Amino acid sequence: MAKKSGRVYCYRLGTVDRFRVGQTKTSPDQRKKNWRSGADTKPQKHRIIETDNAPLLEGYIQNLLQEYRAENGDIFNVHTEKIDAAIDQAKAFLRQFQPLDVELEVKELRRMKPAATLAEPTPEISSLHRQLMEARSQKFLLQKQIDILEMRIKLAIGEHSGMNGVASWQWVSRWSIDLRRFEEEDPDAYRVLSERYKHDFGARKFVPEKGALRLESFAQTG
């Protein structure tokens, strides 16, 4: 997989607890020249992190600091200790998961029809499976909490287009072809076009087992 080399930068804006976090493939100092800031908010370099995946590192840091985000999306009103902790946590996450570097290989395997055989798990894969199921459980519970909070805010917005300082709830038009009606009204044309432009979008579907892995096949140690 090709490396996504780059830098994640963190600049303090002036002398207050106000920071700008972003990522660039070039020099952060060069990127800084495009910023608009007054004399009292002159950017001062706080942290520069060299990384193979700047977009992921930047996104992780910014999500950890979401509650401190200013109207300008990459500026955060946060104490120095909190932004340093967020950066260190994001770096630790990348050290744990990014070295796997398997994204491209998985994409290729996803489009490959598998054999009918089953692989045997190792102790390492068993551990990964447990971590996966725990993470999926946390994700489910967290998503339910998010859904409920969003619904309560939507009820408060009601017929308005949003709520000041909270959220927008605007109408977004989405257009698509009514294929069922097309087939009913002109079945011959539908059949010809379907045959001409059909494409197999099939791919492998990953479904982890919900129960614990059976480890009888593992060799006993000692």
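**View 1. Order of the elements along the protein chain.** From the N terminus on, the elements run β-β-α-β-α-β-α-α-α-β-β-α-α. The secondary structure comes to 7 helices and 6 strands, where helices (H or I, at least four residues) and strands (E, at least two) are DSSP runs, numbered from the N terminus. This is a predicted model, in which local features need pLDDT of at least 70 and side-chain atom pairs count only at pLDDT 80 or more, while totals for chains, interfaces and linings use all residues. Residues are numbered from 1 along each chain as its sequence is written, and side-chain values use heavy atoms, with hydrogens and water left out. Of the 222 residues of the protein chain, 19% count as buried. Buried means under 20% relative accessible area, exposed means over 50%, and partly exposed lies in between (1.4 Å probe, protein chains only).

**View 2. The packing of helices α2 and α3.** Two packed helices are described by the angle between their axes and the distance between the axes. Helix α2 (residues 54–64) packs against helix α3 (residues 80–97) at an angle of about 135 degrees, and their axes are 9 Å apart. Axes are lines fitted to C-alpha atoms, for helices over the stretch in contact, and angles run from 0 to 180 degrees between N-to-C directions. α2 and α3 are therefore oblique to each other. Angles under 35 degrees count as roughly parallel, over 145 as roughly antiparallel, 65 to 115 as roughly perpendicular and the rest as oblique. The crossing of α2 and α3 is right-handed; a crossing has this hand if the near helix is turned clockwise from the far one by less than a right angle, and is left-handed if anticlockwise.

**View 3. Salt bridges.** Side chains of opposite charge can pair when their charged atoms come close. The structure holds 8 salt bridges, each defined as a side-chain nitrogen of Lys or Arg within 4 Å of a carboxyl oxygen of Asp or Glu. One of them joins Arg12 and Asp17, with the closest N and O atoms 3.3 Å apart. Arg12 counts as buried at 16% relative accessibility, whereas Asp17 is partly exposed at 31%. Arg47 pairs with Asp84, the closest N and O atoms being 3.0 Å apart. Arg47 lies in strand β3 (residues 43–51) and Asp84 in helix α3, so this pair ties together parts that are 37 residues apart in sequence. Arg47, Asp84 and Asp88 are linked in a network of salt bridges.

View 4. Arg181 forms a salt bridge with Glu185, and their closest N and O atoms are 2.9 Å apart. The two residues are 4 residues apart in helix α6 (residues 179–185), which means that about one helical turn separates them. Glu185 is exposed, with a relative accessible area of 57%.

View 5. Phe76 is found in strand β4 (residues 75–77) and is buried, with a relative accessible area of 0%. Phe76 and Val21 are 55 residues apart in sequence, and their C-alpha atoms are 7.8 Å apart in space. Ile157 belongs to helix α5 (residues 123–157) and is buried, with a relative accessible area of 2%. Between the C-alpha atoms of Ile157 and Ser168, 11 residues apart along the chain, the separation is 8.6 Å.
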